[in-house]
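Work through the exercises below with the sequence and the model open. Try each task before reading its solution.

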Amino acid sequence: GIAGVEDLKGSPSHQLSARLPEFAGVGTRDAGGGRRGLVTWPDGALSAIVLGVEHPAGRPELDWWEKGGSGGNTPGNRLLMRIAADLAAWIETDLGIRCLPLPYHIERGGAYMKDAAVLAGLGHIGKNNMLITPEFGPRVRLRMMLPAADMPSAGATGADPCQDCGAPCHTEDH
């Protein structure tokens with residue numbers, strides 16, 4: 001899906017991050033002199049392409065953390081990184097549009113991908129604070145890239161899959 005960067009700047013996570021105190025806990029990275037949690041948008045960023053890869057319930061190993069390489073990773077994330085790199089290369093080569101794949105961590109130049117996915121029309125944030133997609137539920141890993149072009153935004157769907165849900169994600173047996 002595609003989201004507008006100006007819409008992303010106004011999304012809940014982006015707005016909230018500016019008001020949060022500095023945090024250096026689990027999952028954060030050195031911000032290299034910047035402030036953790038604050039997105040630094042490249043000049044000219046107008047659109048964001050959001051990619052997702054399904055993590056089927058029967059393949060939990062796609063999300064298992066592996067040590068080694070460049071600090072560890074998961075097989076599903078490596079797959080998605082390859083897809084993002086290939087798509088960015090195609091956009092640049094065939095369409096002549098510069099395209100910047102974003103890292104996962106905000107501190108390394110990333111952005112809030114769940115917000116971007118919602119604004120790109122891929123799903124909705126559920127009661128479990130995860131992206132819930134119509135096709136794959138919560139079993140999706142995300143990546144994002146910024147093409148140097150103003151592309152039409154898909155926009156949020158407005159559909160809330162949790163509205164009439166019995167919240168099986170909140171039970172012990174799920």
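This is a predicted model: local features need pLDDT of at least 70, side-chain atom pairs count only at pLDDT 80 or more; totals for chains, interfaces and linings use all residues.

**Exercise 1. Work out how many helices and strands the protein has, and in what order the elements run.**

Step 1. The count gives 4 helices and 6 strands.
Step 2. Read from the N terminus, the elements run β-α-α-β-α-β-α-β-β-β.
Step 3. Among contacts between residues at least 6 apart in sequence, 69% join residues at least 24 apart.

**Exercise 2. Determine the order of the strands in the sheet and find its edge strands.**

Step 1. An open sheet is formed by 4 strands in the order 1-2-6-3, and their pairing is antiparallel.
Step 2. Strand 1 (2-4) and strand 3 (99-101) are the edge strands, each pairing on one side only.
Step 3. On average, neighbouring strands of this sheet are turned by 30° against each other, direction ignored.
Step 4. Strand 3 is joined to strand 6 (residues 140-147) by 3 bridges, and Cys 99 stands opposite Pro 147 in strand 6.
Step 5. Helix 3 (residues 75-95) lies across strand 2 (47-54), strand 3 and strand 6, and runs at about 25° to strand 6.

**Exercise 3. Identify the largest nonpolar core and the elements that supply it.**

Step 1. The largest nonpolar core has 20 residues. Leu 8, Trp 41, Val 50, Ala 111, Leu 142, Met 144 and Leu 146 have the most contacts inside it.
Step 2. At least two residues of this core come from each of helix 1 (5-9), strand 2, helix 4 (113-119) and strand 6.
Step 3. Helix 4 gives the most to this core, with 4 residues.
Step 4. Apart from this core lies another, of 12 residues, including Leu 51, Ala 88, Ile 97 and Cys 99.
Step 5. Return to Ala 111: leaving aside neighbours within four places in sequence, Ala 111 is in contact with His 14, Val 39, Trp 41, Leu 102, Ile 106 and Met 144.

**Exercise 4. Decide whether Arg 141 is buried or exposed, and find what its side chain contacts.**

Step 1. Locate the residue: Arg 141 lies in strand 6.
Step 2. Apply the cut-off for buried, which is under 20% relative accessible area. Arg 141 counts as buried because its relative accessibility is 17%.
Step 3. The side chain of Arg 141 makes a polar contact with the side chain of Asp 63, at 2.2 Å.
Step 4. Not counting residues up to four places away in sequence, Arg 141 touches Leu 51, Gly 52, Val 53, His 55, Asp 63, Thr 74, Asn 77 and Leu 80.
Step 5. For the whole protein, 34% of the 174 residues count as buried.

Note on methods: Residues are numbered from 1 along each chain as its sequence is written. Side-chain values use heavy atoms; hydrogens and water are left out. Two strands pair if DSSP finds at least two bridges between them. Axes are lines fitted to C-alpha atoms, for helices over the stretch in contact, and angles run from 0 to 180 degrees between N-to-C directions. Contact means heavy atoms within 4.5 Å. A nonpolar core is a set of buried Ala, Val, Leu, Ile, Met, Phe, Trp, Tyr and Cys residues joined through side-chain atoms within 4.5 Å. Buried means under 20% relative accessible area, exposed over 50%, partly exposed in between (1.4 Å probe, protein chains only). A polar contact is a pair of N or O atoms within 3.5 Å; within protein, one must be able to donate a hydrogen and the other to accept it, and residues adjacent in sequence count only if both atoms are side-chain atoms.
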